[in-house]
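Let's take a walk through this protein together, starting with the overall picture and then moving to particular helices and loops. Keep the model open beside you as you read.

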Amino acid sequence: MELLYWFESIRNPVLDVIMSLVTHLGEETFFMVGALFVFWCVDKRKGYYLLSVGFVGTLVNQWLKIVCRVPRPWVKDSNFTIVESARAEATGYSFPSGHTQTAVGFFGGVARFAGQLWLRIACIAVLLLVSVSRMYLGVHTPADVGVSFVVAVVLVFVLYPLIESTLWFPNRIYPILGGMLAFSLAFVGFMEFFPFPAGIDPENLAHAVKNAYSMAGAVGGMLLVSVFDGRVLQFSNRAPWWGQAIKLLGGLVLVVLVKSLLKEPLLALFGGHEAAHAVRYLLMVLMAGCLWPMTFRFFERYSR
């Protein structure tokens, strides 16, 4: 808490605004836009890599949150204050930091495969700023940020050679994603059958169950996409600049529509059970990896 009190002592309106903007780069929305841009428009294999780092990192992060159940800094110390604009996004348990996990996983992953030195430096600078912003805003302790940072860095360096090896051994992607699916299903089983104490916060518990099913659906969808694309579709990333813009914007609109429009109908169909989120995220990934890429051959023709 000493470091957090130091950050509290140097706060000012300008820094508050800057750090509040920087911290948004660690949100799920930014990660999904960036990872899908790479998957659709840059390099499909690099897209699998970023998505794998993000999905596995989220699973580890959520599992640690619900097992450790560490309260937020202002809950542990009632004398400590946070930047109020950050409170809305600071939900759930504190340890470890989800924003740090996402930022280090995404920007660290881009830095790992980027060929340009300036891009690597920029990515490293951003992930460090996002990590610091979580402590400056007062929503995470150094332990929250440090553990997420280490987990994300390990995933960045461990998963990169595994995914890159699929360039020479394409079928290797199936056991990699299959292992990720087994991990996500294990998390679902843990959330369903672990005897949590009676005093656990019901809202945080429900949030963790929802995340477990969502990640299982997303990873399962990714495995199906890899099979369909590898054996049937085999879409290309090539397109003129205007084609890349249409691919990105059009695909994002479709994914968002699937995510938002199917939420309530699927919950009604499943009687309110969180398994509805698994189906919803499965359909989102199938839209992003199978249906939408079927249009890419049109754009590829103009790139020749």
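**A tour of the fold**

Reading from the N terminus, the elements of the protein run α-α-α-α-α-α-α-α-α-α-α-α-α-α. In total, the secondary structure comes to 14 helices and 0 strands. Please bear in mind that this is a predicted model.

How do these helices come together as a whole? The radius of gyration of the protein is 20 Å, close to the 19 Å that the globule rule gives for 304 residues, so the protein is as compact as a globular protein of that length. Along its principal axes, the C-alpha trace spans about 60 × 50 × 35 Å. Of the 304 residues, 52% count as buried. The contacts tell you something about how the chain folds back on itself: among those with a separation of 6 or more, 80% are between residues 24 or more positions apart.

Now let's zoom in on some helix pairs. Two packed helices are described by the angle between their axes and by the distance between those axes. Begin with helix α9, residues 173-193, and helix α10, residues 202-233. They pack at an angle of about 160°, and their axes are 9 Å apart. Because an angle over 145 degrees counts as roughly antiparallel, α9 and α10 are roughly antiparallel to each other. Their crossing is left-handed. As for the residues in this contact, 20 are nonpolar, 5 are polar and 2 are charged.

A second pair to find is helix α3, residues 28-42, with α11. Here the axes come within 10 Å and cross at roughly 135°, which makes α3 oblique to α11. This time the crossing is right-handed. By class, the contact of α3 with α11 has 8 nonpolar, 2 polar and 3 charged residues.

The loops deserve a visit too. Go to the loop between α5 (73-76) and α6 (98-113), where you will find P96. A cis peptide bond joins F95 and P96, with omega at about -10°.

Two other loop residues have a backbone angle worth checking. R69, in the loop between α4 (44-68) and α5, has a phi near 50°, a positive value in a residue other than glycine. R69 is partly exposed, with a relative accessible area of 26%. Further along, Q234 is found in the loop between α10 and α11 (241-261). Q234 also has a positive phi, about 50°, although it is not a glycine. With a relative accessible area of 51%, Q234 is exposed.

Our last stop is L262, in the loop between α11 and α12 (263-269). Is L262 buried or partly exposed? Its relative accessible area is 28%, so L262 is partly exposed. Leaving aside neighbours within four places in sequence, L262 is in contact with L257, R280 and L283.

Definitions and conventions:
Residues are numbered from 1 along each chain as its sequence is written. This is a predicted model: local features need pLDDT of at least 70, side-chain atom pairs count only at pLDDT 80 or more; totals for chains, interfaces and linings use all residues. Side-chain values use heavy atoms; hydrogens and water are left out. Axes are lines fitted to C-alpha atoms, for helices over the stretch in contact, and angles run from 0 to 180 degrees between N-to-C directions. Helices (H or I, at least four residues) and strands (E, at least two) are DSSP runs, numbered from the N terminus. Angles under 35 degrees count as roughly parallel, over 145 as roughly antiparallel, 65 to 115 as roughly perpendicular and the rest as oblique. A crossing is left-handed if the near helix is turned anticlockwise from the far one by less than a right angle, and right-handed if clockwise. Ala, Val, Leu, Ile, Met, Phe, Trp, Tyr, Cys and Pro count as nonpolar, Asp, Glu, Lys and Arg as charged, and the others, Gly among them, as polar. The radius of gyration is taken over C-alpha atoms; the globule rule is 2.2 Å times the number of residues to the power 0.38. Buried means under 20% relative accessible area, exposed over 50%, partly exposed in between (1.4 Å probe, protein chains only). Contact means heavy atoms within 4.5 Å.
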